[in-house]
Amino acid sequence: MKRGPDLQINLRPPADLPEALPVLCIRQGFLLPGMVSPFTIGRPSSLSALDAAHEGWVLVALQREPVADPAPSDLLPVALMARVVQTLGRQGNMRAVAIQGVSRVWLREVLSTEPHFVARYEHVEEVWPDTAEAEGVRRALFASVSQVIETLDADAPIRALSQRVESPSVLADLAGALVESAIEWKHEVLLTIDPLERAERVMAQLTRVHEALEAQKRIESKVRTELEGNQREVILRKQLKAIQEELGEGDESSDVEVLKQRLAELPLPEEVRSTVNREVGRLGRMQGGPERNVAIDWLQWIADLPWGKTTATDLDLELLERTLDESHFGLDDVKRQVLEHLAVRKLAGSGRADVLLLLGPPGVGKTSIATAIADATGRKLVRVALGGMRDEAELRGHRRTYVGARPGRLAEGIRRAGAADPVVLLDEVDKLGRGYQGDPGAALLEILDPEQNHAFVDHYLEVPFDLSKVLFIATANDLSTVPGPLRDRLEILEIEGYTPDDKVRIARGHVLKKLAQNAGVAESDVVLTDAALRAAVEGWTREAGVRQLQRALGKVYRAAAVKKAKGDLAEPLKVDAGELEQYLGRRKVREEVHEATDRPGVATGLAWTPMGGDVLFVEASRTPGNGRLVLTGQLGDVMKESAQAALTYVRGLGGAIGEGAGDLKDTDVHLHVPAGATPKDGPSAGVTMATALASLFTGRKVKGDVAMTGEITLRGRVLPVGGIKSKVLAAHARGLTTVIVPKGNGPDLEDVPESVRSSLRFVLAADLETVLDAALEK
């Protein structure tokens, strides 16, 4: 509510007024019964209406919109019987008058519009109902008005006037005139004829005004308290400084001087030096408080960063090659590419080679390769875990305007490393998230771009820092989830996985020593035979790497640690293949390929997953129905389309493949891929689905030692697919002997280790006829 126009108790118009009166059209401002409000009149038609007023009585009509030349349709249907109580002054053609609203009237008919509006009117009868509900509304209205007046601490005349009003209808108009609200709401109050409804509408607005006033008081009180607290803190700090000076004790000024000396000795770039000097100057003018602490923290960060400090030694490629050979078995192609990459950086300078992306399933040694590179080059290793990161500020930092702001993880890692040329491992780059705070993947584009990262600006530091000497290495399990622009900046090195023989050699050469150290026993305290290691690989793990193998063998060493702690380990603990179950529990991996394909309609396929290659089964069945194709097993859209293409091809063969294969109008075909809780997608199961359907219709079983992969077309052609090495390794690990691959993937078989290739028979298929001939029993 506000101190507005004067208000008086509602009056009654005289009974001898004519049936038609001049109309004063108001385009700005408002008037309600009981109000006395000043108006400045300037339009010729309005001045004419004032001059024609009947003993000062006119009809005041409010315009819907503030148009300069209103028509009768522009006026609200409810007007006010009003009286011109005083002429306040004249200035040129303008006249200021005070008008008192008396009562509501209906505008029934506009009789003329020149030189002013003249309208016939009808009085609005307002009767306050005599009911219990009306009495409740009356009391609530009076209470609401009193409450707002008390909260507002209104002027005495308004308070006295509200106390003299007895009619709730008049009080509703009085409150509606005083309450702060939009002009549209005041129009609604004027147009509300029912006094009970009008009182409820006004009470609702009074409640909102009261809540706003209370909130305003709370905010003002809070701000006042904070200001008083800040002033008190400044005074106390000055008193504390004076006491410390009297006692001869030092304060933070000595620490600040040490910080200034460190900053002066740093080889800062010119732009950074200018910013630091400006911030030091600001610090000297600050007397205390949070802002001073923020400035000191920022200067401390600048002083702690390794400006121009490097640790990398002259790259010895032979040493790096020996280090990689000692720490990683196999992976010859990956090691060769790492050496090539670092040789380019050595000869061409920093920032000339792409960023390495080590792509492969978990446990194949991606992180340890980065560690070996750091050791061989004399660099510090900084690991930045990107998995699940959704806020780009975690990389770029938060701006200093935020409470508790800090630099990003990259700046923090470089500070910890104490060198401007560390190896930065961007771990799990394929698991970056994206949230409303920004896209961390987009922030990486600048960090990894040699054309931009020489002047990387952290949001907290707000000065450029040179990242061009940093050796970035990223890791990922799944390339498809790495954003395209980011993938374009990476040189991808694929690490497919290890064969069972490789895993046995890795366990013997690397894993067992580490397990003995972790368990606190000597390496000679446990003797694991090669047969035991192979049994552990084949019976308790199914992975591309060796992480699960390491976890399983760790149980053997922990058992030895328990015996040694009890004093029962008199001689080394020898474990052979037959004794593994007493340490590792029952066998977890069982061969199921031959059993799964012991009936027509079941085929063995090969799949690629972020965890490595895997074997999957496709089961086909037919039941009486109406020609539907039913697909189950959480198949994606691409896999569903492959199933439809496979069925169409098999049906096209008709009787040549089996009785009833072409006419399926009375038969439903059901294709299911087990492990229904695991989502599956991709085109490479097309060959397997077609083979399962052909087996179903011909009644010929699929050979139990055959696995296959490939995309098919409606014409029966077999198209190349990806992940061949991982798939072949999975088939070999499952004991399969024949692998059918697309003819276009023939060159990819060179990536498969020779020990695996020599133990498998490969069928290079260009069409489905070749596939079926090799897969189905005669």
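Reader: What makes the set of 56 residues a nonpolar core, and which residues have the most contacts inside it?

Author: This is a predicted model, and in it the largest nonpolar core has 56 residues. The name applies because such a core is a set of buried nonpolar residues joined through side-chain atoms within 4.5 Å. Ile473, Leu528 and Leu553 have the most contacts inside this core, and helix H19 (residues 547-566) gives the most to it, with eight residues. Apart from it lies another core, of 54 residues, with Leu359, Val384, Ala411 and Ile414 among them. As a general point, nonpolar side chains in soluble globular proteins tend to be buried together.

Reader: Which residues does leucine 553 touch, leaving aside its neighbours within four places in sequence?

Author: Leucine 553 is in contact with Ala507, Leu512, Leu515, Leu528, Leu533 and Ala536.

Reader: Why is the aromatic pair called edge-to-face?

Author: A search of the whole structure finds one aromatic pair. The ring centres of tryptophan 307 and phenylalanine 465 are 5.0 Å apart and their planes stand at 65 degrees, so the pair is edge-to-face. The cut-offs are centres within 6.5 Å and planes over 60 degrees apart.

Reader: Where in the chain do the two partners sit?

Author: Tryptophan 307 is in the loop between helix H9 (290-304) and helix H10 (317-327), while phenylalanine 465 is in strand E12 (residues 464-465). The pair links distant parts of the chain, 158 residues apart.

Reader: How do you know whether tryptophan 307 and phenylalanine 465 are buried or exposed?

Author: Buried means under 20% relative accessible area. Tryptophan 307 has 8%, so it is buried, and phenylalanine 465 has 7%, so it is buried too.

Reader: And what about serine 726, buried or exposed?

Author: Serine 726, in helix H24 (residues 724-733), has 3% relative accessibility and therefore counts as buried. Leaving aside its neighbours within four places in sequence, serine 726 is in contact with Glu496, Trp608, Gly612 and Gly613.

Reader: What makes helix H15 (residues 440-448) largely enclosed?

Author: Seven of its nine residues are buried, so helix H15 is largely enclosed by the rest of the structure. Those buried residues are Pro440, Gly441, Ala443, Leu444, Glu446, Ile447 and Leu448.

Reader: How do you know that the buried residues of H26 line one face of the helix?

Author: In helix H26 (residues 768-775), the buried residues are Leu768, Val771, Leu772, Ala774 and Ala775. Seen down the axis of H26, they fall within an arc of 170 degrees, so they line one face.

Reader: What caps the N-terminal end of H26?

Author: Aspartate 767 does: one of its side-chain oxygens lies 3.2 Å from the backbone nitrogen of glutamate 769. The cut-off for a polar contact is 3.5 Å, so this pair is within it.

How values were computed: Residues are numbered from 1 along each chain as its sequence is written. This is a predicted model: local features need pLDDT of at least 70, side-chain atom pairs count only at pLDDT 80 or more; totals for chains, interfaces and linings use all residues. Side-chain values use heavy atoms; hydrogens and water are left out. Rings of Phe, Tyr and Trp (its six-membered ring) pair if their centres lie within 6.5 Å; planes under 30 degrees apart count as stacked, over 60 as edge-to-face and the rest as tilted. Helices (H or I, at least four residues) and strands (E, at least two) are DSSP runs, numbered from the N terminus. Buried means under 20% relative accessible area, exposed over 50%, partly exposed in between (1.4 Å probe, protein chains only). Contact means heavy atoms within 4.5 Å. The arc is that of the directions from the helix axis to the C-beta atoms. A polar contact is a pair of N or O atoms within 3.5 Å; within protein, one must be able to donate a hydrogen and the other to accept it, and residues adjacent in sequence count only if both atoms are side-chain atoms.
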